[in-house]
Amino acid sequence: MNNRKKIAIIGSGISGLTAGFYLKKHGFDVTVLEANPKVGGRMATFNSEKYIIDTGAQFLSSGYKNILKLIKELNIADEIVETTQIGGIVKGNRIYSLNYHNPFSLIVSGFLNFKEFISLAFGSFKLKKETRRPSPSNYSDWHQFDNENTQDWSDQFFGKTITEYLLEPTLEAFYFQSPEETSKALPIALSKYNTFKTITLKSGINRLPTKIAENLKIELNSKVLEINDNKTNIEIKTKDKSYFADYAVIATTADIAKNLHKNTNSIENKLLETKYSSTINIAFGLKNKLSGKFNYYGIFVPRKERKNISAIAIESNKHSKRVADGDLINVMLAGKSGKKLIDKNEKEIIDEIINELDDYIPNISNEIVFSKLFRWEKAEPYSYVGRSKNINEYRERIKKGNRILLAGDYMGMPFTEGAVETGVWVANKINQFETV
Ligand SMILES: Cc1cc2nc3c(=O)[nH]c(=O)nc-3n(C[C@H](O)[C@H](O)[C@H](O)COP(=O)(O)OP(=O)(O)OC[C@H]3O[C@@H](n4cnc5c(N)ncnc54)[C@H](O)[C@@H]3O)c2cc1C
């Protein structure tokens, strides 16, 4: 085995950094090339004088096994904090308060009627039995469920109210996509996280990628323009320099990977066509604390109730130290609104959103003292029917001799833990190729 083989990783998002972390551990000579002046990609944090604002990924879960392992190995476990475990859902003219760990709160609060609650409980019990084996971190494990969209399946399995008031708002708030656009494999896999706690990192979500990067060779401001497989090596070109490596791991979004990877097979072609939802995240600073009045971390707004907003996060309920003074809310727009508004000017978007906010939290507009808007044209990969099957086939087909590998959330679960799992998978694969 030649462990000093060179690996070039394109992209310092959490998937690329994880691949780099484990490849370096296996003894490889790793270089990460990043287009931006900062590491982390969509795990980004903006620090202002008063607020720590996560602009992309918002929270983690105590069920994110791969991420927790990384956090432990990096000695930053003291960064982990639990958010409040209460959520709110808008229905009619009020916000219903739901405890994530107490399903009876759905019926006690009057959010569901008895028949709807029984249908949910019965369906969940059935699902639990069917999903004992697959891992919720690994989307390819769910390919046997990847044959129908969420809307059709859930209407039948749970009934329309559960689709409209629980599944639809979850998919829009977390992934900016609708149940019609999403395979049932995704919510079924997500149901395995139900018993876990929502957590985050004290000093901002970007702490994790920044910490991984400390021990890696990273070239910032190095946008990769071309990758050539020269048979004896792989050449990776940036504007100023060519890098030569034995393997390249492309850990960007699918559209960029598609331009860089030339000799693709049919299954790579399908995965590289993955499209992304869009969103806009707007952080509003408030004069006074909201946490006295509201104990929710997240408020979900179902399609039937919303204009543009899919979720409102009350940041002092995420962690009190995120806000030095007053309060901070993070507002996320639903996917279709994200696509519609993304090119509009900041004032136009903010005015429209402030108006809508007052519908859910009356007079909140009078409290706003700060606003900052973050646009995500490529927010999250769509989990269309067939993506899990495609990943499974990709993983089965890859073999020694493949020297350009793909990582990133479109190659796994569409969130941080999924992206990390693809990084772990790629690192193990390359190590396996070089060991046998
Ligand atoms: C608004 C929003 C909210 C989210 N909320 C959550 C959440 O609460 N919890 C959760 O778990 N997940 C959440 N996610 C999803 C999560 O952020 C992503 O799944 C994850 O960060 C993706 O990581 P990645 O490494 O696959 O890609 P990315 O983070 O996109 O990394 C790709 C990297 O490649 C770089 N790059 C691109 N082109 C080139 C090039 N040519 N040369 C070199 N480098 C290049 C980019 O600059 C970037 O750094 C959210 C995402 C968004 C946008």
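Trainee: Lys-38: buried, exposed or partly exposed?
Mentor: Partly exposed, because Lys-38 has 15 C-beta neighbours inside 10 Å. Buried would need 20 or more, and exposed 12 or fewer. Keep in mind that this is a predicted model.

Trainee: Where does Lys-38 lie?
Mentor: In the loop between β2 and β3 (45-47).

Trainee: How far is Lys-38 from Glu-219 in space?
Mentor: 9.9 Å, C-alpha to C-alpha. In sequence the two are 181 residues apart. Glu-219 belongs to β10, which spans 217-219.

Trainee: Okay, β10 and β2. What is the strand order in their sheet?
Mentor: β10-β2-β1-β14-β20. That sheet is open, has 5 strands and shows parallel pairing. The edge strands are β10 and β20 (404-406), and each pairs on one side only. From one strand to the next, the twist averages 20 degrees.

Trainee: How many bridges join β14 and β20?
Mentor: 3, in the parallel sense. β14 covers residues 247-250. Ile-250 has Leu-406 in β20 as its bridge partner.

Trainee: Which strands does helix α1 touch?
Mentor: α1 (residues 14-25) packs on the sheet and touches β1 (6-10), β2 (29-33) and β14. The α1 direction makes about 165 degrees with that of β2.

Trainee: And α14, which strands does that helix touch?
Mentor: β1, β14 and β20. α14 runs over residues 416-435, and its direction makes about 155 degrees with that of β20.

Trainee: How do α1 and α14 pack, in angle and axis distance?
Mentor: The angle is about 35 degrees, and the axes are 7 Å apart. The crossing is right-handed.

Trainee: Which residues meet there?
Mentor: From α1, they include Gly-16, Ala-19 and Leu-23. From α14, they include Ala-419, Gly-423 and Ala-427. The contact divides into 10 nonpolar residues, 6 polar and no charged.

Trainee: Switching topic. What does the domain assignment give?
Mentor: Two entries: domain 1 is 6-43 + 205-275 + 383-435, and domain 2 is 80-201 + 276-381. Their centres, taken over C-alpha atoms, are separated by 30 Å.

Trainee: Now the 7-stranded sheet. What is its order?
Mentor: β8-β7-β16-β17-β18-β15-β19, open, with mixed pairing.

Trainee: Why is one side of β8 and of β19 left without a neighbour in the sheet?
Mentor: Because β8 (94-99) and β19 (368-381) stand at the edges, each with a single partner strand. Neighbouring strands are turned by 20 degrees against each other on average, direction ignored.

Trainee: In what sense do β15 and β18 pair?
Mentor: Antiparallel, over 6 bridges. β15 is 276-286 and β18 is 327-333. Gly-285 stands opposite Leu-328 in β18.

Trainee: Which strands does α6 touch in that sheet?
Mentor: α6 (residues 160-175) touches β7 (86-91), β15, β16 (298-300), β17 (309-314), β18 and β19. Its direction makes about 75 degrees with that of β17.

Trainee: What angle does α12 make with β19?
Mentor: About 100 degrees. α12 is residues 346-360 and packs on the sheet too, with β7 and β8 among the strands touched.

Note on methods
Residues are numbered from 1 along each chain as its sequence is written. This is a predicted model: local features need pLDDT of at least 70, side-chain atom pairs count only at pLDDT 80 or more; totals for chains, interfaces and linings use all residues. Two strands pair if DSSP finds at least two bridges between them. Helices (H or I, at least four residues) and strands (E, at least two) are DSSP runs, numbered from the N terminus. Axes are lines fitted to C-alpha atoms, for helices over the stretch in contact, and angles run from 0 to 180 degrees between N-to-C directions. Two residues are in contact if their C-beta atoms, placed from the backbone, lie within 7 Å. A crossing is left-handed if the near helix is turned anticlockwise from the far one by less than a right angle, and right-handed if clockwise. Ala, Val, Leu, Ile, Met, Phe, Trp, Tyr, Cys and Pro count as nonpolar, Asp, Glu, Lys and Arg as charged, and the others, Gly among them, as polar. Domain bounds come from an automatic or database domain assignment.
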